[in-house]
Amino acid sequence: MTTVIENFGALGVFLLMVPESACIPIPSELTLIFSGVAVHQGWMSFPLVLLAATAGNLVGSLLAYGLGASGLLAGVPLVGSVIERWGELIDRHGTRVALSARLMPLARTFVSLPAGARGVPLWPFTLYTTIGCALWAAAFIFVGLFAGAAWGELSSLLGRVLLVLGLLVLAYSVLHRRRDGDAPDS
């Protein structure tokens with residue numbers, strides 16, 4: 001993810017945010033936090049990152065909305081039940097569900113399918129989605145901005161932790177094989 005943003009800048013942010021809102025759960029939190037770090041370091045601007053993230057989420061959401069409206073996924077058991085449950089929330093609370101869902105992890109990724117399936121009017125859906133996506137993106141970009149100074153330390157610490165975990169898994173694997181190799185054959 002970071003490589004995409006480093007190589008493509010705001011376009012990379014846009015490209016990573018589209019699938020996140022099109023029901024492919026790519027963690028937008030990581031994309032946005034790293035983008036905030038880039039803003040802190042001065043090689044991207046806050047308004048541009050916010051615009052790219054919001055636009056990417058909106059495009060992905062409209063794709064998922066269209067897929068939900070097409071009815072193609074209604075017969076898929078798990079997806080159909082998710083669409084039905086969210087559809088009941090939409091029936092009860094109206095189009096503002098699109099806004100509140102955009103502020104919740106995971107729900108934000110899938111709310112567009114039932115909105116399309118339930119025929120939520122496109123204009124309010126687009127408005128609420130844009131507002132919710134902009135708020136979500138701004139919050140995580142700010143987290144990245146504040147974490148920017150600590151990024152070098154964090155990445156170094158994370159690298160050490162992953163190295164230790166890798167060595168533990170390797171040691172366990174070697175010991176497990178050795179123990180299995182010593183066991184008598186039946």
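**Notebook: the chain and helix H2**

I looked up burial first: 35% of the 186 residues of the protein chain count as buried (buried is under 20% relative accessible area, exposed over 50%, partly exposed in between, with a 1.4 Å probe and protein chains only). I note that this is a predicted model, in which local features need pLDDT of at least 70, side-chain atom pairs count only at pLDDT 80 or more, and totals for chains, interfaces and linings use all residues. Residues are numbered from 1 along each chain as its sequence is written, and side-chain values use heavy atoms, with hydrogens and water left out.

I took the accessible surface of the protein chain next: about 10,500 Å², with 71% belonging to carbon and sulfur atoms (Shrake-Rupley method, 1.4 Å probe; for residues, only the protein chains shown count as cover).

For secondary structure I found ten helices and zero strands (DSSP runs numbered from the N terminus: helices are H or I, at least four residues; strands are E, at least two). Of the contacts with a separation of 6 or more, 78% come from residues 24 or more positions apart (contact means heavy atoms within 4.5 Å).

I then turned to helix H2, residues 10-21. Its twelve residues should span 16 Å at 1.5 Å a residue, and the end C-alpha atoms are 17 Å apart, which agrees (the expected span is 1.5 Å times one less than the number of residues).

Nine of the twelve residues of H2 are buried, among them Val13, Leu16, Met17 and Glu20. I traced the packing of the buried residues of H2 to helices H1 (2-8), H3 (28-41), H4 (46-70), H7 (107-110) and H8 (112-117).

Last, I checked what follows H2: Cys23 has a positive phi, near 75°.
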